[in-house]
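Here's a friendly walk through one protein model, one spot at a time. Take a look at the picture and keep it handy as you read.

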Amino acid sequence: MKPNEAHSIRIGEHVIGPGQPVFVVAELSGNHGQSFDTAVKLVYLAKEAGADAIKLQTYTADTITIPSGPRSDSRLDKDWFKIEGGTLWDGKTLHELYQQSFTPWEWQPKLQIVARELGLELFASAFDPTAVDFLEQMHVPVHKTASPELVDIPLIEKMARTGKPLILSTGMASLAEIEEAVTAARRAGATEICLLKCTSSYPAPPEHANLRTLIDLANRFEVPVGLSDHTLGCETAVAAVALGACIVEKHFTASRSTPGPDSAFSLEPDEFRDMVHAIRNAERSLGSIHYGATASELAMLKFRRSLFVVADVKAGEMFTEKNVRSIRPADGLHPRNLPAVLGRKAACEVRGGTPLKWEMVADAPASAREIA
């Protein structure tokens, strides 16, 4: 992918796109454990760990789902609201999980103030129209759609109509579903869209990341792309940067030993800091298209090969493979000239260990001198 200013979005003071610094997002999710002080602490820790932004989730249990039965008797829960299938949350109902995980809405403007004071952007995934309205009142710089909501076209259209940049997470989505979402967003007025590759399993196996999809997403939709990463560790995130990811979002916790719905697949501060450091090194190493010696390689040019006289040669004596060789260092003629030298006579006496020059070769062809 070539850097293209037209394929970029702006989040606050950050330009997000090819050739720009990777935008690193710390996802707080429910790792605050329903403690506002813990949430504030996480914002500070994320700043110290090198994050560019904090992401929240704006929903309540009742805006994202409904109780599956009488609150007084969980035995009457309807099966389709029960979580099963080998997830971290098996045995709970959706309502129970989200009641445990949600971030109280009254906290969110306060956390935004803390983030701004630290120089961090703060935004959130909105899970229903009321959340979009709430976040608009907070003047968030960007709206985000979580992977399961990618199929909620009216929700995407409402976000798009705000005129804000839009981040769409694509976990589980077919290509047709992504096309439908992007088309709907653009039709509703979105001009700045970023697509995040995501594997919606928790934690996600690295072999299910399919990071090459990033390149295809960027080329198909002509938008910046990124990664919402649920794998353990930071290797997948760094690999995504090498493939063109402009945003990396990772769940963040003070400690995985603290119980919480997302703790098991979140990074602790030291791990997050290591990830950011690796991402910054990765993006620096991408550099630009370049051929020839870099500044750090100039001293090594001397270690290239060139033609040397390796045994004493008298004036008039013929140059042969025994007295002329291609060796290091690079002080003599270019090795390409060896065929033009062999079989010709020395114009003067040359001691072994001397870099070969054209003035030492009698009757050197003019064409050879031109390509020395």
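You'll find Ser 125 in strand β5. Helices (H or I, at least four residues) and strands (E, at least two) are DSSP runs, and they're numbered from the N terminus.

Who does Ser 125 touch? Leaving out residues up to four places away in sequence, the list is Lys 55, Leu 56, Gln 57, Thr 58, Lys 144 and Ala 146. Contact here means heavy atoms within 4.5 Å. With Lys 55 there's also a polar contact, side chain to side chain, at 2.7 Å. A polar contact is a pair of N or O atoms within 3.5 Å; within protein, one must be able to donate a hydrogen and the other to accept it, and residues adjacent in sequence count only if both atoms are side-chain atoms.

## How to read the model

This is a predicted model, where local features need pLDDT of at least 70 and side-chain atom pairs count only at pLDDT 80 or more, while totals for chains, interfaces and linings use all residues. Residues are numbered from 1 along each chain as its sequence is written, and side-chain values use heavy atoms, with hydrogens and water left out.

## The barrel

Strand β5 is part of a closed barrel of eight strands with parallel pairing, in the order β3-β4-β5-β6-β7-β8-β9-β10. From one strand to the next, the twist averages 25°. Helix α5 (residues 129-137) packs on this sheet and touches β4 (53-58), β5 (121-126) and β6 (143-145), and its direction makes about 165° with that of β5. Axes are lines fitted to C-alpha atoms, for helices over the stretch in contact, and angles run from 0 to 180 degrees between N-to-C directions.

Now zoom in on one pair of strands. β9 (residues 225-229) and β10 (residues 247-251) run parallel, joined by four bridges; two strands pair if DSSP finds at least two bridges between them. Across from Ser 228 stands Glu 249 in β10.

## Helices side by side

Two packed helices are described by the angle between their axes and the distance between the axes. For helix α7 (residues 175-187) and helix α8 (residues 213-221), the angle is about 40° and the axes are 12 Å apart. That's why α7 and α8 are oblique to each other (under 35 degrees counts as roughly parallel, over 145 as roughly antiparallel, 65 to 115 as roughly perpendicular, and the rest as oblique). Among the residues making the contact are Leu 175 and Ile 178 of α7, plus Leu 217 and Phe 221 of α8.

Helix α6 (residues 153-161) also meets α7: their axes come within 8 Å and cross at roughly 35°. Residues meeting there include Ile 153 and Ala 160 in α6, and Ala 181 and Ala 184 in α7.

Which residues does a cis peptide bond join, with omega about 0°? They're Tyr 202 and Pro 203, and Pro 203 lies in the loop between β8 (193-198) and α8. Another cis peptide bond joins Arg 328 and Pro 329, with omega about 5°.

Ser 29 has a positive phi near 45°, though it isn't glycine. Ser 29 is buried, because its relative accessible area is 1%. Asp 363 has a positive phi as well, near 55°, but Asp 363 is exposed, because its relative accessibility is 69%.

Terms used. Buried means under 20% relative accessible area, exposed over 50%, partly exposed in between (1.4 Å probe, protein chains only).
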